[in-house]
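With the structure open in your viewer, please follow the stops below in order, making each selection before reading on.

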Amino acid sequence: MNYSTQMDAAKKGIVTKEMEVVAKKEGIHVEELKKRVAEGTVVIPANKHHHSLDPEGIGLGMRTKINVNLGISKDCYDIEAEMVKVKKALEMKTEAIMDLSSFGKTEAFRQRLVEISPALVGTVPIYDAVGFYDKELQAITADEFLRVVEKHGEDGADFVTVHAGINREAVDVFKRNKRLTNIVSRGGSLLYGWMELTGNENPFYEHYDRLLDICEKHDITLSLGDACRPGSIHDATDASQVKELMVLGELTLRAWERNVQVIIEGPGHMAMNEIEANVLLEKKLCHGAPFYVLGPIVTDIAPGYDHITSAIGGAMAAGSGADFLCYVTPAEHLRLPSLDDMKEGIIAAKIAAHAGDIAKQIPGSSEIDHKMSKARQELDWKKMFELAIEPEKPKEYRETSMPAHEDSCTMCGKMCSMRNMNKIMEGKNINILREDE
């Protein structure tokens, strides 16, 4: 290859095979896509070692993509159970899967995931560091943290979350500005703990150029993590969050100088009235880099239902310009998600992403909605199920409560507005109490 990364190719005027695939999927001219990749407003995460990848574009003018978090933990160390979830997530056509494995030797799960996944694969290397070296956190060196990133790159991770923005200055801002929920990012809290225990600077900030060397070598997209994302609506848009975002904006420019693609991660828990402003703030401070949000979760009092609270926030964020939604399941804050939890989270996130695409007028995004409306007007149940984001539940609802008349449902019966309007528009009579003649 005559280029190191997708961004390097774009700057050199080279159209890669990944660009061609993405342009076709998005219905965009490949030259316009290449321009956006060169500018950094669109990323195509595509590690050179991920040979099963079906590439996706994330960013300006692209459909909003969703990510599914999976992986093993100390309390639920069952690789086969996680692989069942992986296969179901791929069947449901999620665009990305993040391996959040946080215990033991995680390499086996990660390598199997990369081998079979046409979806983008993301990782959080710091989760792996303790198990990788079998050392307590404070005993791990800066060099060792970076070597874990290198290993994930060699294994084929298309994007890695690295919390490089929580430097000493950001820590000082955090200490001066009291929070209700402190630092809720798992990776962020680990780095904060390491910095406090060792007295050292964040290794990913201090040795950022070496991190960029690794990303450039493997064409890893750098997902700059939000260590100071709010974990409660009380802490949203505070000094810690904004300070870190400012640092991430500076790191974005340094990455682009090295032709490393960048995604910016964002909140978190946040009241609805702050979401649009936060998207604007990220786009301004981080120079238009694609924005990746967890939710946002718009209220803190719905444990067991946070797939709903996050879908509300995700739809608002996507409609305001966010590019990538991390799904949230009903199990958020409570347990490792089950297969059913994962399915509910995917469906909620897909609804939010699609609603956001309609709001930001992504070309063609509402066409399927118009087809669904036509099927409803025609009382074409089969077509409705074919067009549904998830057909199993509506089919089950229909089949377990069948009406006396096929052209209605058991809620309205012969008072169905669609049925009766169709008859009137055709010049026919409406017989509600009597059988039709």
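**A pocket and its lining**

Within this predicted model, begin by selecting β9, the strand that gives the most to the lining of the second largest pocket, namely three residues. β9 spans residues 291-294, and it is joined by β3 (65-70), α4 (79-91), α9 (186-198) and β8 (262-266), each of these elements supplying at least two residues of that lining. If you then display the whole lining, you will have 42 residues on screen, of which N69, L100, Y127, R186 and E332 lie nearest the centre of the pocket. The volume of this second largest pocket comes to about 970 Å³.

**A loop residue and its partner**

Next, select D238, which is found in the loop between β7 (221-224) and α12 (239-257). Is D238 buried or exposed? D238 counts as buried, because its relative accessibility is 16%, and the cut-off for that class is under 20%.

**A nonpolar patch on the surface**

For the last stop, turn to the surface and select M272, Y305, I308, I312 and M316, which form a nonpolar patch with about 460 Å² of accessible area together. Which helix provides the largest share of the nonpolar patch? That share, three residues, comes from helix α14, which covers residues 306-320.

Key: Residues are numbered from 1 along each chain as its sequence is written. This is a predicted model: local features need pLDDT of at least 70, side-chain atom pairs count only at pLDDT 80 or more; totals for chains, interfaces and linings use all residues. Side-chain values use heavy atoms; hydrogens and water are left out. Patches are made of residues with over 30% relative accessible area and no salt bridge: like charges are joined within 9 Å, nonpolar side chains (Val, Leu, Ile, Met, Phe, Trp, Tyr) within 5 Å. Accessible areas come from the Shrake-Rupley method with a 1.4 Å probe; for residues, only the protein chains shown count as cover. A salt bridge is a side-chain nitrogen of Lys or Arg within 4 Å of a carboxyl oxygen of Asp or Glu. Helices (H or I, at least four residues) and strands (E, at least two) are DSSP runs, numbered from the N terminus. Buried means under 20% relative accessible area, exposed over 50%, partly exposed in between (1.4 Å probe, protein chains only). On a 1 Å grid over the protein atoms alone, a cavity is a set of points where a 1.4 Å probe fits but cannot get out, and a pocket is an open set with protein on both sides within 12 Å along at least five of seven lines; lining residues have an atom within 4 Å of a point. Grid points are joined across faces, edges and corners, and a volume is the space filled by probe spheres set on the points.
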